[in-house]
Amino acid sequence: MKKKRLVPANRAKLDEKSRIFAYEFGVLLCELLPRYQTAFQSDFSKVLIIHAIGVASVSRLMSRPEAGTYEALSAMVPSELQVPVNALSVAESTGIPRETVRRKIKEMIVDGFLVEDERGGYRMNPGTLQSDAMLEIYYQQLQSLTMLLNRCLESGIISIEDA
């Protein structure tokens with residue numbers, strides 16, 4: 001069976017359908033962001049920070065053969081396999097001022113989402129993503145993203161081609 005992949009429409013087609021995409025993307029954000037309100041007290045800076053730390057801390061692992069062991073969110077990535085991230089790199093990747101990042105990271109440590117190592121690096125607290133609330137958020141995110149992609153396919157903003 002041939003692999004398939006999604007491809008964006010050419011620029012002219014995208015320009016023709018750009019309002020549809022902007023609308024559909026807005027719908028997606030309006031579905032995604034409120035799901036974090038309870039976990040992060042409606043603080044969307046924390047949502048961005050925790051995602052930045054989560055991605056950066058496992059980026060090395062995801063390119064290694066043993067990444068397959070951790071493909072399911074239900075599989076906890078132990079601290080020793082996470083690369084610690086500093087507040088400056090989080091600030092640079094998110095555009096959030098460094099002092100704000102530091103303050104919010106300290107709050108997320110208290111809330112149990114993050115841990116700090118002895119050298120001042122931050123990682124996800126193993127088990128954070130395995131909570132029922134976080135697993136449900138990610139499942140709902142997948143549903144919303146799938147609906148967006150289907151609407152983009154139907155309108156011709158993206159198409160499927162052989163890889």
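Predicted model: local features only at pLDDT ≥ 70, side-chain atom pairs only at ≥ 80, totals over all residues.
**Notebook: an aromatic cluster and a helix pair**

Next I looked for aromatic pairs. The structure holds three of them. In one, Phe40 and Phe113 are stacked, with 4.7 Å centre to centre and 25° between the planes. I checked where these two sit in the chain. Phe40 lies in the loop between α2 and α3 (44-62). Phe113 lies in the loop between α5 (98-110) and β2 (114-116). The two are 73 residues apart, and their pair links distant parts of the chain.

Then I turned to Tyr36. Tyr36 and Phe40 are both buried. Tyr36 and Phe40 form a tilted pair, 6.1 Å centre to centre with 50° between the planes. I noted that Tyr36, Phe40 and Phe113 make up one aromatic cluster.

My last entry is on two helices. Helix α2 (residues 18-32) packs with helix α6 (residues 132-155) at an angle of about 170°. Their axes are 10 Å apart. Angles over 145 degrees count as roughly antiparallel, so α2 is roughly antiparallel to α6.

I listed the residues in this contact. From α2 come Ile20, Phe21, Glu24, Phe25, Val27, Leu28, Glu31 and Leu32. From α6 come Gln141, Ser144, Leu145, Met147, Leu148, Arg151, Cys152 and Ser155. I sorted them by class: the contact of α2 with α6 has 10 nonpolar, three polar and three charged residues.

How values were computed
Residues numbered from 1 in each chain as written. Heavy atoms only, no water. Axes fitted to C-alpha atoms, helices over the stretch in contact; angles between N-to-C directions. Helix = DSSP H or I, 4+ residues; strand = E, 2+ residues; numbered from the N terminus. Parallel < 35°, antiparallel > 145°, perpendicular 65-115°, else oblique. Contact = heavy atoms within 4.5 Å. Nonpolar A, V, L, I, M, F, W, Y, C, P; charged D, E, K, R; others polar. Phe/Tyr/Trp six-rings, centres within 6.5 Å; stacked < 30°, edge-to-face > 60°. Buried < 20%, exposed > 50% of the residue type's maximum accessible area, 1.4 Å probe, protein only.
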